[in-house]
Amino acid sequence: MLGQKPSALFTLGIFFLLVTINADANANELEHQKEGMDYVAFGLNYNKFKSIELVAVENAGVNSEGEIFEDVFSRQSALKADTYAATLVWGTYVTDYFKTELRYGQGLASETLDGIAEINMSYWFNWYIGAAYPITDYANVFAQYGISIFDADFTRIQKELFIPVDLNTLQLPRIAVIQPSRLEMEEDLFGTNFSTTWLVGVDFSIAKNWYWTWEYGRLLNDDASGIKVYQLNTLLKYEF
């Protein structure tokens, strides 16, 4: 009899452990019952432009036939620009683990490259579909894929540069007026206004139905200009 007591106690302990784990799992399952719920979110975006080619020209003008002429002054490749924006989100859970959403973004703060090109996102619209899964009782991870419709806020700026005497060519000092090229750069920076987009993120529960969200992804990939824009976002989300 004494030899059977430890075995009985061990079995009883395993039983209560399984009951406890099952109860916690059921609680998490109830907590993650999302199907049919909607949500809204708003927040800030850090948008990083990559692979910008900036071609500066001088002696730019238009001839009598309406054709643009210009002389290339300098060419810089693989430039980056840091900009900031605001985002508004509306979404719905199709199932407990599958969701779809719409987004609108508006540029707030731009960056100027080399004193001649002011760059920012003017606006964008996104449609995403994706999956979400709870990793703890207070955090969910998600991944989304979709499409972007967008436009840039691109301002060309004329800049005067003093060019000292060139002893090799004996060229006298002069003032060069440079600006971004209209022949070798897209008129509105981007050559298209449509792209695929993706993001991954995590929701942290901060109160009942309220979440603090962090996201990272690619906002757009413009095939015409080669420019890519990546996004790092933080948002406040409410589910209802």
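Two rings of Phe, Tyr or Trp count as a pair if their centres lie within 6.5 Å. I note at the outset that the model I examined is predicted.

**Entry 1. Aromatic pairs**

I searched the whole structure with that criterion, and the search returned twelve aromatic pairs. I then looked up Phe150 and Phe190, whose ring centres are 5.2 Å apart and whose planes stand at 80°, so I recorded the pair as edge-to-face. The cut-off behind that label is an angle over 60 degrees. Phe150 belongs to strand 6, whereas Phe190 lies in the loop between strand 8 (174-180) and strand 9 (194-207). The pair thus links distant parts of the chain, 40 residues apart.

I next checked the accessibility of both residues. Phe150 counts as buried because its relative accessibility is 1%. Phe190 also counts as buried, because its value is 7%.

**Entry 2. The chain as a whole**

I counted one helix and eleven strands in the protein chain. The protein chain has 240 residues, of which 36% count as buried. I looked up contacts between residues at least 6 apart in sequence, and 67% of these join residues at least 24 apart. The accessible surface of the chain comes to about 13,700 Å², with 61% of that area belonging to carbon and sulfur atoms.

**Entry 3. Salt bridges**

Side chains of opposite charge can pair when their charged atoms come close. My search of the whole structure for salt bridges gave eleven.

I took Arg75 and Glu53 as one case; their side chains meet in a salt bridge at 3.5 Å, N to O. Arg75 is in strand 2 (residues 68-93) and Glu53 in strand 1 (residues 38-62), so placed that the pair links distant parts of the chain, 22 residues apart. Arg75 counts as partly exposed because its relative accessibility is 43%. Glu53, at 35%, counts as partly exposed as well.

I then turned to Glu58 and Arg174, whose side chains meet in a salt bridge at 3.0 Å, N to O. Glu58 lies in strand 1 and Arg174 in strand 8, so this pair ties together parts that are 116 residues apart in sequence. Glu58 counts as buried at 9% relative accessibility, while Arg174 counts as partly exposed at 27%.

I also looked up Glu101 and Arg103, which form a salt bridge with their closest N and O atoms 2.4 Å apart. Both Glu101 and Arg103 are buried.

**Entry 4. Lys237**

I recorded Lys237 in a network of salt bridges with Lys34, Asp203 and Glu239. The charged end of Lys237 sits over the ring of Tyr39, 4.6 Å from its centre. The charged end of Lys237 also sits over the ring of Phe142, 6.0 Å from that ring's centre.

**Entry 5. Nonpolar surface patch**

Finally, I looked up a nonpolar surface patch of about 1,100 Å², whose residues include Val40, Trp90, Phe125, Trp127, Ile147 and Phe240. Strand 3 (98-109), strand 5 (117-134) and strand 6 (139-156) each supply at least two of the patch residues. Strand 5 gives the most, with three residues. Phe98, another member of the patch, lies in strand 3. Phe98 counts as partly exposed because its relative accessibility is 35%.

Terms used: Residues numbered from 1 in each chain as written. Predicted model: local features only at pLDDT ≥ 70, side-chain atom pairs only at ≥ 80, totals over all residues. Heavy atoms only, no water. Patch = residues over 30% accessible without salt bridge, like charges linked within 9 Å, V, L, I, M, F, W, Y side chains within 5 Å. Areas by Shrake-Rupley, 256 points an atom, 1.4 Å probe, with all protein chains shown as cover. Salt bridge = Lys/Arg side-chain N within 4 Å of Asp/Glu carboxyl O. Helix = DSSP H or I, 4+ residues; strand = E, 2+ residues; numbered from the N terminus. Buried < 20%, exposed > 50% of the residue type's maximum accessible area, 1.4 Å probe, protein only. Contact = heavy atoms within 4.5 Å. Phe/Tyr/Trp six-rings, centres within 6.5 Å; stacked < 30°, edge-to-face > 60°. Lys NZ or Arg CZ within 6 Å of the ring centre and 35° of its normal.
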